Amino acid sequence: SVLRWPDSGTVDRTVRAWAERAGTSRRDVRRIGYFGSYARGEAGVGSDLDLLLLVAHSPLPPWKRPLELPLEELPVPAEALVYTLEEWKGLPQRSPRLARVLREETRWLLPPP
């Protein structure tokens, strides 16, 4: 048998449905988007999906927050950055380059723009 990597359209449709489910099942989620190669239209075989979630608040440290997400439901490997709204507001001061990339590249899925 031949394994096929999902095309960008399939990944986009799947992540939109995933975001809708995540947004309705978790009351603390304020925004969900993706950035990186899929957002830039440069994804290819082996590309992972870079997600960005903004939550109202979280008692967990940032590195533990993605562990609560059902990333295995996505059709490609995925990584997530999960920021509280307060952390998101302070990101340009703490990490200007990352803040710029996220501001320029993120394709917001929830809520729709």
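1. Two packed helices are described by the angle between their axes and the distance between the axes. Here the axes are lines fitted to C-alpha atoms, over the stretch in contact for helices, and angles run from 0 to 180 degrees between N-to-C directions. The model discussed below is predicted.

2. Start with helix 3 and helix 4. Helix 3 covers residues 85-94 and helix 4 covers residues 96-105. Their packing angle is about 125°, and their axes lie 6 Å apart. Helix 3 is therefore oblique to helix 4. An angle over 145 degrees would be needed for roughly antiparallel, and 65 to 115 for roughly perpendicular.

3. Which residues make this contact? Helix 3 supplies Trp88, Leu91, Pro92, Gln93 and Arg94. Helix 4 supplies Pro96, Leu98, Ala99 and Leu102. By class, seven of the contact residues are nonpolar, one is polar and one is charged.

4. Glutamate 87 deserves a look. This residue sits in helix 3. Its side chain reaches the backbone nitrogen of threonine 84 at 2.9 Å. Leaving aside residues up to four places away in sequence, glutamate 87 touches Pro62, Arg65, Val82 and Arg94. Arg94 also belongs to the contact of helix 3 with helix 4.

5. Now the whole chain. The protein chain holds four helices and four strands. From the N terminus on, the order is α-β-α-β-β-α-α-β. The radius of gyration is 14 Å, close to the 13 Å that the globule rule gives for 113 residues, so the chain is as compact as a globular protein of that length. Along the principal axes, the C-alpha atoms fill a box of roughly 45 × 30 × 25 Å.

6. Four strands build it in the order 3-2-1-4, with mixed pairing. Strand 3 (78-84) and strand 4 (107-110) are the edge strands, and each pairs on one side only. Neighbouring strands are turned by 25° against each other on average, direction ignored.

7. Inside the sheet, look at strand 1 and strand 2. Strand 1 (residues 29-35) and strand 2 (residues 49-55) run antiparallel and are joined by six bridges.

8. Helix 3 lies across strand 1, strand 2, strand 3 and strand 4. Relative to strand 3, helix 3 runs at about 95°.

9. Most peptide bonds are trans. The bond joining leucine 110 and proline 111 is cis, with omega about -15°. Proline 111 is in the segment after strand 4.

Notes. Residues are numbered from 1 along each chain as its sequence is written. This is a predicted model: local features need pLDDT of at least 70, side-chain atom pairs count only at pLDDT 80 or more; totals for chains, interfaces and linings use all residues. Side-chain values use heavy atoms; hydrogens and water are left out. Helices (H or I, at least four residues) and strands (E, at least two) are DSSP runs, numbered from the N terminus. Angles under 35 degrees count as roughly parallel, over 145 as roughly antiparallel, 65 to 115 as roughly perpendicular and the rest as oblique. Contact means heavy atoms within 4.5 Å. Ala, Val, Leu, Ile, Met, Phe, Trp, Tyr, Cys and Pro count as nonpolar, Asp, Glu, Lys and Arg as charged, and the others, Gly among them, as polar. A polar contact is a pair of N or O atoms within 3.5 Å; within protein, one must be able to donate a hydrogen and the other to accept it, and residues adjacent in sequence count only if both atoms are side-chain atoms. Two strands pair if DSSP finds at least two bridges between them. The radius of gyration is taken over C-alpha atoms; the globule rule is 2.2 Å times the number of residues to the power 0.38.
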